[in-house]
Amino acid sequence: MRFRAKHKACRGCRCCSAPENVAAIAHKYNLPLIIDSTVATPALLRPLQHGADIVVQSVTKSLSTSGFSICGAVISRKNIVSNIDNDEMKADFCTYLKLLPNRDNGPNISAMNAILALNDMRTIRTRMDLVSLSTQKVAEFLESHPAVEKVEYLGLPSHPLHPLASQYLWLADSEYDPRYGGKVNRYGHLMSFCVKGGAKNARDVFDAFQRIYRATDLGRIKSVATIPAISTHSQQGEEGRKLASIPDNLIRLCVGGEHPDDVIRDLEQALDSLNGKKIIATSPEYSAGGASSATLK
């Protein structure tokens, strides 16, 4: 969640974006602060420690990296702030959800979804360490590539929110890890980059991916990319995408567990297609990972 204060030129400043300050504003009006921490995961961020009342996670994504299970999670502190007159709910929000709305109205996940998710979650800290390091390397490669206009990744010092992210994104228990011997920042697996030359060039690069999976998903053990303007935000309209800072030449990339050099090699050969280098690609029978809608050859 990012909060914007009334004054301008405040992008990334601590006074506007620090979760403690956002929580203070919410609590001033007797509202709970709810944080979606799906991308960071508990391996990098614990929002309850910074003033949040409720945390939601799409377990289907980063926590359940295989993508085989479908479920979500709600984590809450006791005695949350709320202007709803329900003492039982405020005293223990998660137990209230479990015993009343969830029991009466559902949905409850199946046993198979639960065991698949729990099995994946056992490796969350190790995975987030790995994919964060890989994404850092990929982002640095893209930032130096002549065909790339802009790279958005919190781990890059050039990102305006890098100082703020560095205050809050830490690998859990890294101070007890003999490999590090202290607290280390990790910035996650999600990034984006803009291809020079507009939407057509971005689409050409996207359709040239060989290893990177083309889909709207994220948090998988395999690297996944999509073009938000034609997938996740296609119904938002040009004005809406402009307000959300989502240009039509932007590719969202979630780096998976492959060796980062393999991901970089795929990005490199796809970007080379802009210089006329022939890309040998097989045609899907009906689409390319859902988001591409690649033209059959």
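Select Arg-241 in this predicted model: the residue is buried but has no salt bridge. Show Glu-238 as well, the nearest side chain of opposite charge, which is 5.3 Å away; a salt bridge would need a side-chain nitrogen within 4 Å of a carboxyl oxygen. Arg-241 belongs to helix α11, residues 237-243. Beyond its neighbours within four places in sequence, its contacts are Ala-229, His-233, Ser-234, Gln-236 and Ile-246.

Next, go to the largest nonpolar core, which has 49 residues. Pick out Leu-142, Phe-193, Phe-209, Ile-251 and Leu-267, the members that touch the most others. Then colour the elements that each supply at least two core residues, among them α8 (124-143), β5 (190-195), β8 (250-254) and α12 (260-272). Helix α8 contributes the most, seven residues.

Centre on Ile-251. Setting aside residues up to four places away in sequence, Ile-251 touches a group that includes Met-191, Phe-193, Val-195, Phe-206, Phe-209 and Ile-227.

Finish at the open sheet of three strands, ordered β1-β2-β3 with mixed pairing. Select β1 (34-36) and β3 (73-76): these are the edge strands, each with a single partner, so one side of each has no neighbour in the sheet. On average, neighbouring strands here are turned by 20° against each other, direction ignored.

Definitions and conventions: Residues are numbered from 1 along each chain as its sequence is written. This is a predicted model: local features need pLDDT of at least 70, side-chain atom pairs count only at pLDDT 80 or more; totals for chains, interfaces and linings use all residues. Side-chain values use heavy atoms; hydrogens and water are left out. Helices (H or I, at least four residues) and strands (E, at least two) are DSSP runs, numbered from the N terminus. Buried means under 20% relative accessible area, exposed over 50%, partly exposed in between (1.4 Å probe, protein chains only). Lys and Arg count as positive and Asp and Glu as negative; His and the chain ends are not counted. Contact means heavy atoms within 4.5 Å. A nonpolar core is a set of buried Ala, Val, Leu, Ile, Met, Phe, Trp, Tyr and Cys residues joined through side-chain atoms within 4.5 Å. Two strands pair if DSSP finds at least two bridges between them. Axes are lines fitted to C-alpha atoms, for helices over the stretch in contact, and angles run from 0 to 180 degrees between N-to-C directions.
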